[in-house]
Amino acid sequence: MNVSKILEYKGSEIISLNVGCDVLEVAKLLGTRRIGAIPIMSGDELAGIISERDVMRGLAIKGGDVLSDKVETLMTKSVFTCNKTDTIQHLMTIMTERRIRHIPVLDEGRLIAMISIGDVVKERMQEAEQEADALKEYISMA
């Protein structure tokens, strides 16, 4: 199973912000859209990613003043990305090893979607259920 399978049911709506925005704008969008991370764009290129964790760390270190800072001060600039052909197993490994919960999906260098750990777990659970059903059917026919 691969990323393209997740995108079939999830869709590819992209919620992003420009690199010039401030942390308050990020916090508002994270809250209103109920999402955990936002890709940060510089024109058509992925410049970074910022998560709820990043905002919380900034608040813990700098207090409320961090909300007026530019997103660049908190975002991760070296972003791990995937493509539509990457397997679910590969994403699970990367997310676990790197302790990340959101991965931008690129197609020919262009951002086309975001995959979350929730998307990966949901897909893996569906796979496991299908495997179990197939085994039950096989055993009942034997």
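Because the model is predicted, local features need a pLDDT of at least 70 and side-chain atom pairs count only at pLDDT 80 or more, while totals for chains, interfaces and linings use all residues. Residues are numbered from 1 along each chain as its sequence is written, and side-chain values use heavy atoms, with hydrogens and water left out.

The protein chain holds five helices and five strands, where helices (H or I, at least four residues) and strands (E, at least two) are DSSP runs numbered from the N terminus. Reading along the sequence gives the pattern α-β-α-β-β-α-α-β-β-α. Along the principal axes, the C-alpha atoms fill a box of roughly 70 × 35 × 25 Å. Of the 142 residues, 35% count as buried; buried means under 20% relative accessible area, exposed over 50%, and partly exposed in between (1.4 Å probe, protein chains only). The accessible surface comes to about 8700 Å², and 50% of that belongs to carbon and sulfur atoms (Shrake-Rupley method, 1.4 Å probe; for residues, only the protein chains shown count as cover). As for contacts (heavy atoms within 4.5 Å), 53% of those between residues at least 6 apart in sequence join residues at least 24 apart.

Now for the helix pair. Helix α1 (residues 3–10) packs against helix α5 (residues 117–141) at an angle of about 100°, and their axes are 10 Å apart. That makes α1 roughly perpendicular to α5, the label used for angles of 65 to 115 degrees (under 35 is roughly parallel, over 145 roughly antiparallel and the rest oblique). Here axes are lines fitted to C-alpha atoms, for helices over the stretch in contact, and angles run from 0 to 180 degrees between N-to-C directions. On the α1 side, Lys5, Ile6, Tyr9 and Lys10 do the touching, and their partners in α5 are Asp119, Val120, Lys122 and Glu123. Sorted by type, the residues of this contact come out as three nonpolar, no polar and five charged. In this sorting, Ala, Val, Leu, Ile, Met, Phe, Trp, Tyr, Cys and Pro count as nonpolar, Asp, Glu, Lys and Arg as charged, and the others, Gly among them, as polar.

The whole structure has six of them, a salt bridge being a side-chain nitrogen of Lys or Arg within 4 Å of a carboxyl oxygen of Asp or Glu. One joins Lys10 to Asp119, at 2.8 Å from N to O. This pair links distant parts of the chain, with Lys10 in helix α1 and Asp119 in helix α5, 109 residues apart. Lys10 counts as partly exposed at 36% relative accessibility, whereas Asp119 is buried at 11%. Leaving aside neighbours within four places in sequence, Asp119 is in contact with Ile6, Tyr9, Lys10 and Met114.

Glu8 is exposed at 61% relative accessibility, and Lys5 is partly exposed at 32%.

Elsewhere, Lys84 pairs with Asp107 in a salt bridge, the closest N and O atoms being 3.8 Å apart. Lys84 lies in the loop between α3 (52–62) and α4 (88–98), and Asp107 in strand β4 (residues 102–107), 23 residues apart. Lys84 is partly exposed, with a relative accessible area of 34%, and Asp107 is partly exposed at 29%.
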